[in-house]
Every structure is written in C-alpha cells, then in structure tokens.
Amino acid sequence: MSIQKKYDPSKIEDKWYQYWMENKYFHSEPDEREAYTIVIPPPNVTGVLHMGHMLNNTIQDVLIRRARLKGYNACWVPGTDHASIATEAKVVNKLKEEGIKKSDITRDEFLDHAWEWTHKHGGIILEQLKKLGASCDWDRTKFTMDDDMSEAVIKTFVDLYNKGLIYRGYRMVNWDPEAKTTLSDEEVIYEEKQGNLYYLSYAIEGSDEKVTIATTRPETILGDTAICINPNDERYTHLKGKKAIVPLVNRVIPIIEDEYVDIEFGTGCLKVTPAHDENDKALGEKHNLEVIDIFNDDATLNSFGLHYEGKDRFVVRKEISKELEEKGFLIKTEQHINKVGTSERTKAVIEPRLSDQWFLKMEDLVKPAISAVLDEDSDINLFPKKFENTYRHWMENIRDWNISRQLWWGQQIPAYYFGDGKEDFAVAETKEAALALAKATTGNAELTMDDLRQDEDALDTWFSSWLWPISVFDGICNPENEEIKYYYPTNDLVTGPDILFFWVARMIIAGYEYRDMKPFTNVYLTGLVRDKQGRKMSKSLGNSPDALKLIEEFGADGVRVGLLLSSAAGNDLLFDESLCDQGKKFANKIFNAYNLTQIWEVSETVEQPEVAKLAIDWFQSKFQKAMVELEDQYSKYRISDALMITYRLVWDDFCSWFLEMVKPTYGSPIDKKTYDTVISLFEDILKVLHPFMPFLSEDIWQRMKTRSEEDALVIASWPETTEVIEELLSDFEMIQNVVSGIRTIRKEKNIANKDAISLTIVNNEKSTTGLDAVIAKLGNVESINYSDEKLEGALSFRVKSNEYFIPMEGAIDIEAEIEKLTKELEYVEGSLKIAQKKLSNERFVSNAPEQVVANEKQKEANAIAKIETLKASLASLK
C-alpha cells in the first residue's frame with residue numbers, strides 16, 4: 001500500500017474506526033479465554049464530551065486495547081445515566097420555553113417529553129467517544145432507564161425493603177429548591193461564604209425585659225417556636241419558666257432549658273426553629289415544640305411568612321432585616337463567615353426541610369465494603385493509595401441513604417398506598433403483586449387496582465448506577481446467567497475521585513450484597529483536568545476547549561497523547577493545547593520513520609553489515625527492557641509513565657538511533673535480512689504504541705503488507721518478552737555518549753557532517769572496541785586508533801574516564817579557529833573588566849540591591865572560567 005507524503009489523521013480515523021466496527025473487533029462473547037472487563041462510568045445522557053471525559057475514556061481505552069493485545073477476551077461496556085435531576089431540569093426548562101408548566105401536565109405526559117428529549121440528545125456523547133477511538137462493545141450499550149435496567153432497580157428496592165433495610169421516615173433532609181427535590185448528604189457541597197450575623201431583641205412576656213439572640217437567617221424567626229437557654233447559665237436563671245414574644249409575628253413562645261446550648265457561644269440564648277434546622281428539630285422533639293414550616297418547595301415564603309408570602313427567601317432576608325431595624329428589634333449586624341450547603345447539581349443553596357422520605361439503612365451494608373478496601377489482604381485496590389483515607393472517613397461515618405427524589409424522571413418507587421395513613425402501603429415489583437399484598441394486609445378482598453396509588457417519588461439516580469457492573473450483565477434479575485458468571489467481577493474501574501463515595505463505594509456495597517464478591521479489582525482515580533493556570537475547567541470560565549475541535553486540529557492520537565503526557569494517577573492535569581501539538585508531532589515522527597523504511601531499496605544479495613547486526617542486538621535488548629518497565633508501570637496504573645517509556649523508546653531509541661544505524665548509505669540498497677528485522681521490530685513498536693495511538697498504528701500496520709481481517713493490529717498479539725543483555729545496553733550508552741561528543745565538536749568547530757574525521761581513543765575506563773562500527777557510521781569516522789598517550793594538538797572530550805581525540809589537522813582551519821577564539825577572548829576579558837570595576841566601587845557594592853551585586857559577582861566568576869577555557873583552547877592550537 002502506498003503512503004501519502006504527509007500524515008493526515010482526518011483521512012484515516014473514520015476509515016479505520018469503521019473497519020474495526022464492521023469486523024466487530026470490539027464485541028465480546030463468553031468463550032474459553034480469560035475475560036478482562038471494564039464498565040464505563042456512565043456519563044449524563046444529555047451530556048457532551050468534555051476534557052474530563054476525554055482523559056477518563058482515553059485511559060480506559062489504553063487498558064482495554066492492551067488487554068485485547070495480551071490475549072484477553074476484552075469487554076468494555078458503554079452506556080449512559082439518566083441523571084434524574086439534571087435531565088428533569090432541562091426538560092422543565094424546555095417546556096417553560098414552550099409555555100408549559102410541569103404542574104399543568106400529568107406524569108405520563110411529562111415522561112413523554114423526557115423520553116423525547118433523551119432520544120434526541122441521548123447518546124451524543126457516546127458517538128463523540130468513537131471520534132476519540134474508544135473501543136467499546138457498542139452492541140452492549142446500556143441506559144440506566146432501559147427496561148431491564150429499571151427492572152433490576154425495582155427488584156433491588158423490593159428486596160432491600162423486605163429485608164428491613166429500606167424504610168420510610170419523616171426526617172430533616174437537604175432540600176434543593178431549584179430542582180424541588182431532596183438530596184443525599186453526599187450531594188451537598190459546603191462552601192465558606194461571607195454573610196451577616198444579626199443580633200435580634202425578643203421581648204419577655206409581661207415585663208419590660210428583653211433577651212438578645214444572634215442568627216444568620218433573620219427570615220426564619222417567622223418559624224420560631226421557642227428560645228432555649230442552658231440551665232447552668234447564671235445570666236438567665238431569672239428567665240426560667242417565662243415566655244418570649246417573637247418580633248413582627250408577636251407569637252408567644254416558651255423559654256426552654258437544655259444543656260445543648262453552648263454558654264460561651266454568641267449570647268448564650270438560642271432561637272429554636274424546628275422546621276428549618278436539624279439540631280433545632282432534635283430540641284423540638286425533646287421538648288414537644290410546635291413545628292412551623294415557613295417555606296414553599298421553591299424556597300419562597302408561604303402563609304406563615306405573613307406579608308412576605310410569595311417572596312424568595314433571600315429577598316425576604318434583606319427586607320425583614322430592614323423592617324426589624326426600623327422597628328427597633330435589630331440591635332446590630334456583624335460580618336460572619338459560615339459554611340453554606342449548596343446543591344452539587346443546581347448550585348442552589350440547600351434548605352433543611354422536614355419531609356417524608358425513603359431511606360436505606362447503611363450501617364450493616366457497609367461493613368463488607370470497608371473490609372474489601374481497607375483490610376491488609378484487601379480484595380480491591382485504590383490507585384493512588386492516598387484515597388484510602390478518604391474512603392475510610394466516608395464509610396466509617398456513613399449515614400442512612402436518602403434514596404427518594406421528588407422527581408418524575410427516574411424509576412418510580414414501587415410503593416402503593418391503599419389507605420389514608422402514611423403506613424398503609426404495600427411494596428412490590430408490580431401493581432398486581434401490590435394489590436395481593438394490600439388485600440392480605442387489610443383482609444379486604446374488595447380492593448381493586450383503582451384503590452392503589454403509587455408513590456409519586458422517583459429513586460435517586462445513584463440507586464440505579466450502584467448496580468451498574470451487575471445489572472449490565474443482567475445479574476440482578478438473572479443471577480445465574482452465563483454472562484454475569486463470566487464477566488463479573490470486572491477488572492478495572494477508571495473514574496474521578498469526586499464520585500469515590502457516590503458511585504464507587506456504593507457499587508462495592510451492592511457487589512457484596514448481591515454477588516457476595518467485589519465488583520472490580522482495581523480502581524484508578526484520575527485527577528481533574530485544569531487549565532495551565534490551575535483553574536478547574538468550566539463553561540462559565542470559558543477555559544474548556546471544544547473536545548471535537550481539538551481532535552479535528554491535532555488528530556485523535558495527538559489529543560490522546562497530549563492528555564496522557566501529564567496526567568499521573570490522582571494528580572490534576574494542567575492541560576495546555578501545546579501538549580496535543582506535541583502528540584501530533586510524535587505521530588508525524590512515527591509516520592516519517594515508516595516513510596523512511598519505504599524508500600529503501602532492498603537487496604537479496606548484499607551482506608548484512610556489522611553495524612546493522614550490532615544495532616539490531618542493541619535495539620532488541622532496549623525494546624525488551626522497555627517491555628519490563630512498561631509491565632511495571634501498567635501494574636501500578638501509572639499510564640502517563642508507561643506512555644513516556646513508549647515515547648522515548650520510539651522517538652529516541654528507534655527513530656534517532658536505531659534507524660540511523662541501519663539505514664543504508666545514500667544511493668545503496670539495504671540488505672534483506674536487516675530490512676526484514678527492521679520491519680519486524682517496527683511491528684512490535686506499533687503493538688506497544690497501539691493502546692495510546694490506535695489510528696496511526698493501525699494505519700501503518702496495514703500499509704506494511706497486505707493483511708487479512710484476522711491480521712489486524714487491533715487483535716494482534718502483544719510482543720513476547722525475551723532476555724535483556726544489560727552489558728550490551730551499558731556499552732551502547734557509552735557509545736551514544738561518544739557519538740554525541742563527536743557531534744558536539746563538529747557543531748562547535750563547524751566541521752561538516754559529510755567530512756570524515758579520525759578518532760584516537762585512550763581507554764582508561766572500559767574498552768568498547770566491539771562497537772567501533774557504530775561510532776564509525778554515526779560519527780562519520782574514517783579511522784579509529786587506540787593509544788596509551790594523549791594526542792597533542794587535538795580536539796578532545798571525555799566519556800567517563802575514557803578520552804577521545806580528534807586531530808585538528810585536516811579537520812578544521814587552524815588559523816581561522818585561532819582568530820575566532822582570540823576575538824572571543826578579547827570580548828570576555830572586556831566583560832570581566834566591567835564587572836570588576838563595578839565590584840571595586842565601594843559605593844556600588846554598598847547601595848546597589850543585593851541581587852544586583854550577586855549578579856555582577858556571578859558575571860565575574862563566569863568570565864574568569866571562560867577565559868581559562870579559551871586560553872587552554874588557544875594553547876592547544878599553537
């Protein structure tokens with residue numbers, strides 16, 4: 001196959017991806033081979049490819065392609081997550097633009113719109129992953145709302161409920177007023193924010209006395225139902241048994257006593273608002289206080305908000321503080337920094353809210369998952385290991401999981417109410433089964449389907465994705481099927497540390513609960529992709545490049561290499577487009593190396609030169625050493641380091657040294673024995689390159705010779721490991737330094753590369769006479785002599801203790817060199833005089849900045865050293 005003069009990724013990427021797809025190289029079915037399985041962290045169904053996805057999926061593709069080459073039955077399962085909060089918000093906004101309110105349509109009508117949105121936008125990101133080269137088994141693509149996936153979720157809910165692990169509770173929850181749903185504790189991000197501390201005066205009923213409390217949320221006084229003091233606080237002993245009057249509301253509330261109040265904090269008096277603070281709720285339950293909820297579900301005030309009804313909480317905060325001040329209730333305001341909880345998804349400030357919700361008991365479920373990661377003989381490895389501490393902290397402080405969401409998009413909770421009471425419900429996989437349970441519970445055989453009302457809430461998205469490694473192989477509904485037994489547990493999981501608890505830990509919990517084994521063996525936690533200023537990439541900052549445009553500009557292989565060049569496990573990647581350009585240049589280097597091998601004329605009769613034999617022996621050992629290093633880095637999930645080993649092997653060892661050693665003299669043919677070995681070694685290089693640069697490597701592989709579908713690189717065999725001859729590598733390293741020394745002298749003395757030179761060697765360290773042929777060819781050395789004495793009047797350099805001399809006669813124009821060195825000496829001596837004049841001036845030394853004086857001293861030292869070198873060079877020429 002002919003090859004174009006310039007590498008153009010745009011001409012080959014679609015071609016080879018289509019070829020791989022047509023031949024089903026990515027598809028996996030259970031067979032006699034050992035399975036190697038990765039499940040993709042399912043991206044948001046409505047999402048598009050961003051830099052985090054690019055990094056994460058490049059790493060996964062490197063691992064899966066390497067496993068395929070190593071003979072495993074590699075299976076990479078792709079899919080998307082229905083992302084209930086994010087997707088529902090987008091559908092609600094779309095309907096709003098069409099003049100439709102969610103509250104004005106039925107659930108089924110809303111779901112029709114949600115599915116329409118999903119079918120239109122869902123899967124875009126998966127198509128984009130193909131552009132990156134992701135070799136997923138696309139026939140296995142899953143969506144967390146597929147019928148079989150939803151069936152697994154519902155089955156799991158019913159099972160956990162029947163085990164007594166799921167319960168319904170009236171609790172203080174995290175309420176997202178933007179999405180109008182509860183969130184689990186893990187979905188709330190706490191940020192330090194500047195706010196105010198308001199000191200308010202409450203009158204004591206039946207007296208002129210007043211008491212002061214401090215609050216960051218003056219609007220919540222409208223829900224106050226008590227003031228609490230510490231019974232040991234002598235300042236307020238006289239208030240015991242009395243009542244206070246809430247400002248503006250004029251509600252009379254009791255003054256209660258509880259040691260919960262910190263005497264040293266604030267004023268020592270605490271306003272109690274049981275509906276809007278978890279600690280206040282606990283106090284309220286203990287002291288039987290009234291609960292007054294002042295908020296609607298969108299965080300506007302309800303009728304308990306008096307004249308502020310219908311207004312947003314933050315608007316009310318400003319207005320009520322002004323009213324309190326005008327009416328003499330606001331004593332003072334201080335600036336105050338406190339932690340504010342915000343929704344991970346919508347960024348809205350969270351409201352603590354009392355609500356009936358569904359919870360999963362975690363205390364016992366979590367135990368096997370803790371042991372699996374943290375025991376000395378753990379089943380699951382985190383890379384990097386530092387994240388074990390984070391995992392331990394989360395898991396050992398776990399709280400019950402709030403799994404219900406006030407949303408319609410998602411799996412609807414399979415609880416069916418049949419009476420007026422909160423506890424009159426049946427939990428079952430189908431409505432028919434629920435009816436049978438309801439009849440049995442009530443003893444009422446007359447109940448019909450119409451008497452049942454399904455719980456309106458949907459399940460938390462993570463309650464579906466925690467089953468992902470099991471449910472994609474139908475392991476919940478059909479736990480003994482062939483695929484779950486073959487592919488599970490999976491091997492590696494690649495994801496971000498930000499979902500170590502949300503997803504990774506919960507999958508481990510589900511794995512032990514439903515398969516009694518780990519879901520995966522290794523978890524590789526990538527860092528965040530940041531810009532070169534260290535900022536997190538985001539749309540709002542405008543610092544996140546368009547992933548597809550990068551591929552268009554630099555080629556998929558160039559982008560993959562660029563991303564991996566600086567992404568050590570667990571550390572953030574400072575992304576710079578120049579890295580992708582470096583990847584593109586690397587692709588061109590390999591492409592040009594292939595072009596070079598194609599312009600050589602091959603002869604059946606020419607003998608193999610000695611230098612070619614040496615070069616082949618050396619490179620084979622160099623390659624094998626790289627293979628050992630690669631194995632080590634891959635085992636530690638140091639993918640960036642594995643790439644750098646490959647990069648140096650190809651750029652430095654193969655292109656810069658090996659091909660230079662074996663290439664024939666201009667106008668002469670290369671012997672067939674050498675040529676065949678060069679191509680064979682090039683093929684091995686393409687194999688280790690393939691996981692990183694799949695398109696380029698497959699293209700060159702296919703151009704090397706006519707190959708059948710069974711011979712494609714994507715399913716070739718990983719190179720076999722053989723012996724490494726360390727002594728040869730050591731000797732060659734010395735020879736490379738010798739050649740570099742010759743090239744340096746040629747450059748410094750303007751000796752053309754085409755002009756042959758002589759070399760005299762004094763061996764003080766080690767003799768490498770067996771490699772003279774390499775020195776001769778790469779240094780264009782016509783004769784190599786060995787001597788016990790230094791060669792006078794020659795240019796010289798050292799490698800370790802060995803000395804190398806190049807006679808000047810015939811190599812350089814001595815007169816011209818003397819003239820050049822003399823001029824340079826005069827210039828440096830002049831610079832020295834200027835520096836010494838400044839330094840001898842006491843006024844300069846005393847008054848000039850310390851750094852300026854230090855710079856002059858450095859100039860003086862540099863000039864003295866340079867003068868010494870120049871004088872020695874001139875002496876050797878005269």
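Modeller: In this predicted model, a disulfide is a pair of cysteine sulfur atoms within 2.5 Å.

Biologist: How many disulfides does a search of the whole structure find?

Modeller: The search covers the whole structure. A pair of cysteine sulfurs has to lie within 2.5 Å to qualify. The number found is 0.

Biologist: Which cysteine sulfur is nearest to that of C75, and how far away is it?

Modeller: C75 is buried, with a relative accessible area of 0%. It takes part in no disulfide. The nearest cysteine sulfur belongs to C136, at a distance of 9.7 Å.

Biologist: How are helices α20 and α21 oriented to each other, parallel or antiparallel?

Modeller: Helix α20 covers residues 639–662 and helix α21 residues 672–689, and their axes are 11 Å apart. The packing angle is about 170 degrees. Angles over 145 degrees count as roughly antiparallel, so α20 and α21 are roughly antiparallel.

Biologist: What classes of residue make up the contact of α20 with α21?

Modeller: From α20 the contact includes F654, F658 and L659. From α21 it includes L681, F682 and I685. T646 in α20 and T674 in α21 also take part. By class, the contact has 11 nonpolar, 2 polar and no charged residues.

Biologist: Is N402 buried or exposed, and what does its side chain contact?

Modeller: N402 is found in strand β16, residues 401–402. Its relative accessibility is 4%, below the 20% limit, so N402 counts as buried. Beyond its sequence neighbours, N402 is in contact with residues including V173, W358 and D460. Its side chain makes a polar contact, at 3.2 Å, with the side chain of T182.

Biologist: Which backbone oxygen does the side chain of R515 reach?

Modeller: R515 is in the loop between α15 and β23, and at 15% relative accessibility it counts as buried. Leaving out residues up to four places away in sequence, R515 touches several residues, among them I470, I484 and Y488. Its side chain comes to 2.6 Å from the backbone oxygen of P479.

Biologist: What separates the C-alpha atoms of F501 and Y391 in space?

Modeller: F501 lies in helix α15, residues 500–514, and is buried at 5% relative accessible area. Its contacts outside the sequence neighbourhood include E186, W394 and I398. F501 and Y391 are 110 residues apart in sequence, while their C-alpha atoms are separated by 7.1 Å.

Biologist: What is omega for the peptide bond from Y488 to P489?

Modeller: P489 lies in the loop between α14 and β22. The bond from Y488 to P489 is cis. Its omega is near 0 degrees.

Biologist: Is N250 buried or exposed?

Modeller: N250 is in the loop between β10 and β11. Although not a glycine, N250 has a positive phi of about 65 degrees. Its relative accessibility is 56%, over the 50% limit, so N250 counts as exposed.

Biologist: Is A299 buried or exposed?

Modeller: A299 lies in the loop between α7 and α8. Its phi is also positive, near 70 degrees, in a residue other than glycine. With a relative accessible area of 2%, A299 is buried.

Note on methods. Residues numbered from 1 in each chain as written. Predicted model: local features only at pLDDT ≥ 70, side-chain atom pairs only at ≥ 80, totals over all residues. Heavy atoms only, no water. Buried < 20%, exposed > 50% of the residue type's maximum accessible area, 1.4 Å probe, protein only. Helix = DSSP H or I, 4+ residues; strand = E, 2+ residues; numbered from the N terminus. Polar contact = N/O pair within 3.5 Å; in protein donor to acceptor, adjacent residues only side chain to side chain. Contact = heavy atoms within 4.5 Å. Axes fitted to C-alpha atoms, helices over the stretch in contact; angles between N-to-C directions. Parallel < 35°, antiparallel > 145°, perpendicular 65-115°, else oblique. Nonpolar A, V, L, I, M, F, W, Y, C, P; charged D, E, K, R; others polar.
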